[in-house]
Amino acid sequence: MAQIQVSNLTFSYDGSSDDVFTDTSFNIDTDWKLGLIGRNGKGKTTLLNLLLGKYEYQGKISTNAGFDYFPYPVSEEDLATNATDLIERWKPQVEIWQVLIQMNLMSMDPECLYRPFGTLSFGERTRVMLAVLFSGENEFLLIDEPTNHLDGVARCIIKSFLAAKKGFILVSHDRDLLDGVCDHVLVLNRSTVEVQSGNFSSWWENKEKRDAFNLSENEKHLKEIGKLKKAADRSGRWADKNEKTKIGFDPVKDHDRSISTRSFIGAKTKKMQARVKAYESRIDREIEEQEGLLQDIERVKDLKMHPVDHHKDVLVDARELTLRYPENDHSLFEALNFQVKQGERVVLSGSNGCGKSSLIGAILSRSGFSGREMDTEILVSGELDVASGMIISYVNQDTSFLTGTAREFCAERGLDESLFFTALRHLGFEREQFVKDMEDYSEGQKKKVLIAASLITPAHLYVWDEPLNYIDVFSRMQIEKLIQVYEPTMLIVEHDVRFQEMVATKTVSIREESQTIWLGEPVKRCHK
């Protein structure tokens, strides 16, 4: 067991006027299973890189622990290389048998190590990397978003694996994973950094109670400040009025006054002026006590959507549907039957590669959607009816096509700039982000660009393909609330089980082994 002590850490990127961290201090234990929580752009990955010593910084990071980082770098050339050869580069001090032990804990076939890395699924690649990561000894492991792009089964396997481990920081926006794995959380708040025992849900419960108390205290201080200001103003006006009566008087009207009255009036004025100063001092104390109460309150503004009713009740109708790509004789799935009716929020569920995104592509193609980033080379047999004249708002899981500034993106899509920027601001964007090249955005910020564009687009059907990858926890809950309020018609691919539970009215599960579907209630979260 060792300590990692961070003292007065200050860091900013070259060319940036804003600090990512300013005079930040905290202590953590290398024996913990630590969840790292914060909004997109708050510096989670930056903190991991600072621990790795990749950047120069002010302050001090003290520890005798060694570090290793997930994910390992993989180049285009590496995709043609067997995992056994990559291991020698990633972690040269470990033996293959050590990796195989960890792979066995995740129910992996050892044969995966002897195939080109590019032929492995996203889930297999993640598990191989985690097996290598945990094969070492005496290291504190830095794990950065391991479940993005993974299906529900792979997430459950990884959750069970990590729950049995210790000695790591886990960056994740998956609430189910954080709850099932972590025993402590490190939270990058709006203005402060806090360390707390427990998981995400226990921290969130404490935060809600603390926020409610601070808001109540702030309201009390505001009311008291208002009363004091009124009293100070009233006493000040009385003092000024009295002071004016010191010099000059009418002997007829003020027959009971004399020159000696001036000293009495002056003393009375001085007493009232002292009272004003006392009020002002009390106001300063109230303001001082008020400061800091709201510094970590997440000021989340409600988002808006613009769903449109269609004249048909059934917007998508699939009957005995089969999909395959031209170059592949094997079908993605066969005899698929389901409908998307107005007001439904249908979640497509299934393992990676079972054809969920391909199904979305077929629906978009059949509707006449002309998104440039969409692959339309899909062979369709069976019946796939899409309501005519339907407007679709689409969020792609891929963000690599985003280039230029947000303003240029807005103009290219013909979006209302004011509404678009407002939606981004409500999703946590700072104004300076609007003039940056989107290629320099974090993956979470890129996803928010696509989501904001979708939200402000009036549509009959919202088609979102893995919209929450890299999106922070606060924004996920914000989007859930939005969908619950506006109840748009949606077709969604998303593996976040908490999100499914909150928004889905129906789940369509595409099962590769039987090539059939199951229609029913939203998928429940997996257990350890």
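Phe429 and Tyr441 are both buried (under 20% relative accessible area, with exposed over 50% and partly exposed in between, using a 1.4 Å probe and protein chains only). The model is predicted: local features need pLDDT of at least 70, side-chain atom pairs count only at pLDDT 80 or more, and totals for chains, interfaces and linings use all residues. Residues are numbered from 1 along each chain as its sequence is written, and side-chain values use heavy atoms, leaving out hydrogens and water.

**Aromatic pairs**
- Rings of Phe, Tyr and Trp (its six-membered ring) pair if their centres lie within 6.5 Å; planes under 30 degrees apart are stacked, over 60 edge-to-face, and the rest tilted.
- By this rule there are 19 aromatic pairs.
- Phe429 and Phe434 are stacked, because their ring centres are 6.4 Å apart and their planes lie at 15°.
- Phe429 also pairs edge-to-face with Tyr441, at 5.5 Å centre to centre and 75° between the planes.
- Ring pairs join Phe409, Phe420, Phe421, Phe429, Phe434 and Tyr441 in a cluster.

**Charges over rings**
- A charge sits over a ring if NZ of Lys or CZ of Arg is within 6 Å of the ring centre and within 35 degrees of the ring normal.
- Lys54 places its charged end over the ring of Tyr69, 5.7 Å from the centre.
- Arg125 lies over the face of Phe122, 5.5 Å from the ring centre.

**Helix H13**
- Buried residues of H13 include Phe474, Arg476, Glu480 and Leu482; helices are DSSP runs (H or I, at least four residues), numbered from the N terminus.
- Just after H13, Glu487 has a positive phi of about 45°.

Definitions and conventions:
Helices (H or I, at least four residues) and strands (E, at least two) are DSSP runs, numbered from the N terminus.
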